[in-house]
Amino acid sequence: MKQPIGFIGLGNMGLQMANNLIDAGYKLKVYNRTAEKAQPLIEKGAELADAPADAVTPGGIVITMLSNDDAVESVVLEDDGILKQLGKDGIHLSMSTIAPSTAEKLAQAHQEVGSYYLASPVLGRPDAAEAARLNICLSGNSTAKERVQPLLKVMGQKVYDFGDTIGSANVVKLSVNFSIVAAIEAMAEAFTLAEKNGVEPAKVAELFGETLFSCTVYKGYGKQIVEHDYKPGFKLSLGLKDITLALQTAQACNMPMPLASLVHDQFLAAMAKGRGDMDWAAIALEVSEAAGVE
């Protein structure tokens, strides 16, 4: 019988990841602030916890997939949090996109009680999570990393190990998300330039996606931009959170990121217009609107 695993955070990503673990035969103890979201997992045999600490097996493994730094800190450090319950040799596999500094703070707290904190943010949207096709970044203690490998193989297609320094995986994830939104901004400007000069944007997107920029980001987001399809996949409000974290991380090491600053302002403008629940590709609307293109 495989050891019980705690899983905290059952949003669009976490629910799919937890479901894959159940399908692989793992017994789960799950917690979500909105308990109703756990119902599909309960029906498949998961146990519902009343508090984060109740999802933890002492000395075992608990996974968190939460929306931001405050949520992760709360689940770990508050009185009903996981830290004291996890105890010696327990592992917290933190799969959220958070600041490296937050990861390092939490790792220190875990070390003080004899448990391990692993940074393990993921690359992929809910459909990739459902299909267990996530790419997973990982950093932290090597012994702990070995223990979680079977779980990571269930949830993702490949693990990229960035060494023992806790915050490394978080830096990489922020770098990836910055690169995605920079590509969205670049496509929005390129497609709008074409449209302003009488060229059909869809044809430009087709050229990009089939030639020099034949990759997931340009194909997927290029299609969204030209079709004005901004149904939420990854919310724009979360994109603002991530680009803000990237800028804060850069500031901490005295690195200017002028392009990140520009994109950050596009996110702020979109938020001011009430677009926070749209897909983060909706920052492209800031470009077309500034150009007078409907």
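In this predicted model, the side chains of Asp229 and Lys231 form a salt bridge with an N to O distance of 2.7 Å. Asp229 is partly exposed at 23% relative accessibility, whereas Lys231 is exposed at 59%. The total number of salt bridges is 13.

**Salt-bridge network**

- Lys273 pairs with Glu286 in a salt bridge whose closest N and O atoms are 2.8 Å apart.
- Lys273 belongs to the loop between helix 12 and helix 13 and Glu286 to helix 13, so this pair ties together parts 13 residues apart in sequence.
- Lys273 is partly exposed, with 45% relative accessibility, while Glu286 is buried at 7%.
- A salt bridge also joins Arg275 and Glu289, with the closest N and O atoms 2.4 Å apart.
- Here Arg275, in the loop between helix 12 and helix 13, is linked to Glu289 in helix 13, 14 residues apart.
- Glu289 is partly exposed at 35%, and Arg275 is buried at 13% relative accessibility.
- Through shared partners, salt bridges connect Lys273, Arg275, Glu286 and Glu289 in one network.

**Nonpolar core**

- The largest nonpolar core has 34 residues, of which Ile184, Phe267 and Trp280 touch the most other members.
- Two or more core residues come from each of several elements, including helix 9 (201–210), helix 11 (236–252) and helix 12 (258–272).
- Helix 8 makes the greatest contribution, with 10 residues.

**Helix 1**

- Among the buried residues of helix 1 (residues 14–23) are Met17, Leu21 and Ile22.
- Gly25, which follows helix 1, has a positive phi near 100 degrees.

**Negative surface patch**

- Glu47, Asp50, Asp54, Glu78, Asp79 and Asp80 form a negative surface patch.
- Asp79 is located in the loop between helix 3 (69–77) and helix 4 (83–86), and is exposed with a relative accessible area of 80%.

Note on methods. Residues numbered from 1 in each chain as written. Predicted model: local features only at pLDDT ≥ 70, side-chain atom pairs only at ≥ 80, totals over all residues. Heavy atoms only, no water. Patch = residues over 30% accessible without salt bridge, like charges linked within 9 Å, V, L, I, M, F, W, Y side chains within 5 Å. Areas by Shrake-Rupley, 256 points an atom, 1.4 Å probe, with all protein chains shown as cover. Salt bridge = Lys/Arg side-chain N within 4 Å of Asp/Glu carboxyl O. Lys, Arg positive; Asp, Glu negative; His and termini not counted. Charge placed at Lys NZ, Arg CZ, Asp CG, Glu CD. Helix = DSSP H or I, 4+ residues; strand = E, 2+ residues; numbered from the N terminus. Buried < 20%, exposed > 50% of the residue type's maximum accessible area, 1.4 Å probe, protein only. Core = buried A, V, L, I, M, F, W, Y, C linked by side-chain atoms within 4.5 Å.
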